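Colleague: Could you take me through this structure, one question at a time?
Modeller: Gladly; please have the sequence and the coordinates open as we go.

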Amino acid sequence: MYSKALNTNQIMRQVMYALALGVVAAYSFFGWGVIVQIVLAVVTAIAVESAFLSIRKHPIKPAISDGSAALSAILLAISIPSIAPWWIVVVGVAFAIIFGKQLYGGLGNNPFNPAMLGYAFLLISYPLQMTTWAGEFLGFSQAIDVVFNLSSVDALSGATQLDNVKTQLALGKMVSELDVHSISQAWINLGFLLGGLYLLFRRVITWHIPAAFITGVAVISSVLFLINDQIYIPVQNHLMLGATMLGAFFIATDPVSGSTTPKGRLIYGFLMGVLVVVIRVFGGYPDGVAFAVLLMNITVPLIDYYTQPKVFGK
Amino acid sequence: MLNQSFNGGIVIDSPHPVEVVEIILAPLPDKVVLPLQQRIGGEAIPCVSVGDKVLTGQVIAKTDDYFCVPIHASISGTVVIIDDQTIPHKSGLRSKCITIESDGKDQWIEHTGCGVDFLHCDQATMIKYIQASGIVGLGGAGFPAHAKLEGIQDCHTLVINGTECEPGIMCDDALMQHHPRDVIRGVEILLHICGAQRAVIAVEDDKQEALNSLLMHCHDDRISIEQIPTKYTSGAEKLLIKVLLGIEVPSGKFAIDIGVICQNVSTTKAIFDAVVENKPLVSRIVTVTGSGVKSPNNYEVRLGASFEHIVSMANPNTNHHSVRMGGMMMGVDVETTRMPICKITNCIFVNNIETKPNTQECIRCGQCNQVCPVNLLPQQLYWYAKNENTDKAMDYNLADCIECRCCDYVCPSHIPLAEYFSFAKALHRKTTEDQYRTDIARERFEFREYRLERTKQERAKMMAAKKEELKKKMANDKAQKGKIAAAMARVKKTKKVSDDVQ
C-alpha cells in the first residue's frame, strides 16, 4: 500500500546530501573551521533535542533519527562564520532547537524556521562574532585553536563581500570604484545552486519557491540598479553573493514554516526574494535572508488561506 | 483517447498482474450467510423462519424502505439459523443474518421478465424488475440501482463505468471480456429507461481485450466506447464524467443534476439479467488477489459464501494474512476470511502481513495536495482535523473530500490522512446536529416567550379597549341620563305651566 517515494527521514537526508557541494566549496575557501562548526552544531542539536524530548516525555529515538534537528543545525552552522567561537554555535543551535522547535511541540509544529530564528538571535546578540569571517584557508589545528579561543583571530579575519560593499558605499564610494565580486562567494553560491537542482530532480522540493525567490531578488535588484547604478550593485552580484542560493533552495523551502499551496509558494518566495534585497540595501545588516525568512513565516497562514486551489466542482 | 482530465490522481501499476483474465465458476457453497443490513437504509425483515425450505432466488427478507431492495436466497436449501453476525464493514458492524444450508440442487424459483425483445416493456415495469431483483451498484458503492433510475427527466448522457475502481481489481475487466454482449444489451436497456440520446462506456487504456470484445458486440450507434488513461480515481463517478465529457459536476450536486447517469458495467450486466429474465442477483464476480495468494483470479461466486470459499481456490500461501475487502486503497480490513461475500465485495485482498511504517509528524511537504483529485489541501485539513477544529476544516472544503486515500499513499510521514478526514466529517455532522437540536430548542423557547408576551400584550390591549369602551359607555350613559333628566325637567316644567294655566 505504501508508495516507493521518499519518506520523511529520507527527505531530511537528501537535503543534507544536497548541501555537500556548497559545504565543500566553503571548506575550500575557509578551511577546517567550516567542518568543525558543523560537527559542533550537530552534536549540540542532538544533545539539546534529546534533553528536551525527555523532559517532554516523548520518545527520543524516532525524533532524533528523523534528522530534522541535525538538518537545522547544519543549516545554522554553514550560515555562521567558520571562525566564530565555539559557544556561538552552541548557543545558537540550542536557541533554535528549544525556542524555534521544541517549545512549539517539535517537528511540524514550528511557525518559524528554527535555523533562521537561531541565526537572527545570534546576529542581534553577538554582531561582532557573527560578521567576522575567515580571510584565508585554515588547517585543522589552526581551526580548532581559533574556534576554541586558543589563539587570536585578528590576523586571519575579514568581513564578507556584502559587508565590505555596504561599508564602502556608506562611506560615499561609488559602485564603479569598488570590486563587488567575490570568487569564494560565487563558488559557494554555485555549490548550493547545484545542490538545489539536485533536490528539484529528486522531487524533495518543488520549483515554486526557489524560482519565485530568485525572481524576486532579480526583479527588485534590477529595478534598483536601473534607478542608480552607482549606489546599487548589479543583479548578478545580488544573486551570487551572501546567502542567496542557500536561501532560495534550502532555507526558503523549509516546508514546515513555509507556504504550502502552489500559488502561495510563488507569492511567498517572490516576496521573500524582494525582502532579502530590501534588507541588504536599506537595512542595518549586510545580508537579509534570515530576517526575510522570518518575516515571511509570519505571513504564511494568511497566504495559505487566500491561495487555496479551486476545488473540483466549485 | 480523451485529453480532458482532472488534477492529481496517482498511477499505480497493478500490484499482482495476471496474464489472462478469467472468470472461474466457484462451486456451490455448503452454506451461505446473508446479512439483512444493506449499505443504505435499515435492516430488512425476514419473511422466512428457521426450518423453512427455500429455493434459489426466493425472497427471504424485505423492507418498505425506498432505498432498500429485497434479499434473495442465493442457493436452495434450508434456513438453519437467523442470528447476529459480524459482517464486512469498516467498524466491524454486526447485523442480523439468515444462514441457509445448501441441498446441493440449486433449484430456482420461476422467473420471467420482459424477454429478449425488451423494448416493448415500459420503463416502470423495468424499474420494478430491477428493484425486485435486488440490484445495487456493484462497483463498490452499493447504491440501489432503481433509485438512480426512477423519475428521471432530462438525462442526455449515460456513462457506463468500465474502469476498475482501484489497481489490482479485475472483476469488471473480466466481465467485459467474457460477457460483452450482456453488457451492451444492458446499456440498451438503460438507454431505454432513462431516455438518454447516447451512452459512453469508459474502458481504461491498459484493458485492450475488454475494449476489443465490447467493440465486437456493439452495433448500436448511440453507444460509444472510450479509452481513458489508467489513473487511480478515474473510476470515481464525478471524475469520470469530467474525463469523458469535460463537465464538472458542481460540488454538492449529483450527476443527474447535469443530465448524466452513471452505472457500473457489472451493475449494467445485472440489470440486463433482471429486466430480461427477472432473474434475482444471487452471485457476483469477485477478484481474489494479494501477496498472500499464488494465483490471483476472478471467481463467480454465490452471495453469502464465505471469503474462505474462494480464497482457498487461489492457492493461498501458508503465512499469516491480513484480509481486506475492496481495493488496496479504499477497501476495509476485516478480521478473518470467515466473512460472507456481499453485493459490494468486488475484491478480496489477501496479503502477507507487513510491518506498517511508523507515522511521523506532518512536515507540510505538499505531496498530498499534488495528488488530490479534487484539489484539496490535505496538509491543512490534517492540521484542523487533528485539532478537531471542524469549522476551519469545512472552510478548507472538507466536505468535498472523496476519501480516495491518494494523500495517504504519497505521504512521506505515513499519516492516515483520509481516516482523520472521515473522523472530522463525522464530528462535524454530529456537532451540526447537536447545534441544530439546540437551535430548535432555543427557537421553541424563544417562541414560547414571545407567545406568552404576545398573549399578555394582547390581553392588556383588550383590557384597555374594554375599559375604554366601558368609560365611553358610562359617559354615554351619563349623557343619556342627563338628557332624560332634562326631558323630565322639561315635562315637569310644561306640566307645571299647564297646571298653572289651569
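Colleague: Across which strands of chain B does helix H3 (residues 171-178) of chain B lie?
Modeller: This is a predicted model, and local features are described only where pLDDT is at least 70. In it, helix H3 of chain B runs at about 125° to E13(B). The strands that H3 of chain B lies across are E13, E14 (297-302) and E17 of chain B.

Colleague: Is H3(B) mostly covered or mostly open, and how many of its residues are buried?
Modeller: A residue is buried if 20 or more other C-beta atoms lie within 10 Å of its own. Among the residues of H3(B) that are buried are B:Cys171, B:Asp172, B:Leu175 and B:Met176. H3(B) is mostly covered, and the number of its buried residues is 7 of 8.

Colleague: In what order do the 6 strands of the open sheet in chain B run?
Modeller: The pairing in this sheet of chain B is mixed, and its edge strands, each of which pairs on one side only, are strand E1 (24-25) and strand E16 (332-334) of chain B. The order of the strands in chain B is E1-E14-E13-E17-E15-E16.

Colleague: Do strand E13 (residues 283-289) and strand E17 (residues 347-352) of chain B pair in the parallel or the antiparallel sense?
Modeller: E13 and E17 of chain B pair over 3 bridges, and B:Thr289 stands opposite B:Phe349 in E17(B). The sense of the pairing between E13 and E17 of chain B is parallel.

Colleague: Is chain B as a whole a compact globule or more spread out?
Modeller: The secondary structure of chain B comes to 13 helices and 17 strands. The globule rule gives 23 Å for 502 residues, whereas the radius of gyration of chain B is 35 Å, well over that value. Along its principal axes the C-alpha trace of chain B spans about 145 × 60 × 50 Å. Because its radius of gyration is well over the rule, chain B is, compared with a compact globule, more spread out.

Colleague: What radius of gyration does chain A have?
Modeller: Chain A has 15 helices and 2 strands, and its C-alpha atoms fill a box of roughly 60 × 50 × 30 Å, taken along the principal axes. For 314 residues a compact globule would have a radius of gyration near 20 Å. The value for chain A agrees with this, being 19 Å.

Colleague: Which residues of H6(A) make the contact with H4(A)?
Modeller: Helix H4 (residues 68-79) and helix H6 (residues 114-125) of chain A pack at an angle of about 35° with their axes 8 Å apart, and the crossing of H4(A) and H6(A) is right-handed. H4(A) contributes A:Ser72, A:Leu75, A:Leu76 and A:Ser79, while the residues from H6(A) are A:Pro114, A:Ala115, A:Gly118 and A:Tyr119.

Colleague: Why does A:Lys57 count as exposed?
Modeller: A:Lys57 is found in the loop between helix H2 (33-55) and helix H3 (60-65) of chain A. A:Lys57 counts as exposed because its C-beta neighbours inside 10 Å number 6.

Colleague: How many residues of chain B are in contact with chain A?
Modeller: By class, the side of chain A that touches chain B has 12 nonpolar, 10 polar and 4 charged residues. The contact joins 26 residues of chain A to residues of chain B, and the number on the chain B side is 31.

Technical notes:
Residues are numbered from 1 along each chain as its sequence is written. Chains are lettered from A and ligands numbered from 1 in the order in which they are written. This is a predicted model: local features need pLDDT of at least 70, side-chain atom pairs count only at pLDDT 80 or more; totals for chains, interfaces and linings use all residues. Helices (H or I, at least four residues) and strands (E, at least two) are DSSP runs, numbered from the N terminus. A residue is buried if 20 or more other C-beta atoms lie within 10 Å of its own, exposed if 12 or fewer, and partly exposed in between; C-beta atoms are placed from the backbone. Axes are lines fitted to C-alpha atoms, for helices over the stretch in contact, and angles run from 0 to 180 degrees between N-to-C directions. A crossing is left-handed if the near helix is turned anticlockwise from the far one by less than a right angle, and right-handed if clockwise. Two residues are in contact if their C-beta atoms, placed from the backbone, lie within 7 Å. Two strands pair if DSSP finds at least two bridges between them. Ala, Val, Leu, Ile, Met, Phe, Trp, Tyr, Cys and Pro count as nonpolar, Asp, Glu, Lys and Arg as charged, and the others, Gly among them, as polar. The radius of gyration is taken over C-alpha atoms; the globule rule is 2.2 Å times the number of residues to the power 0.38.
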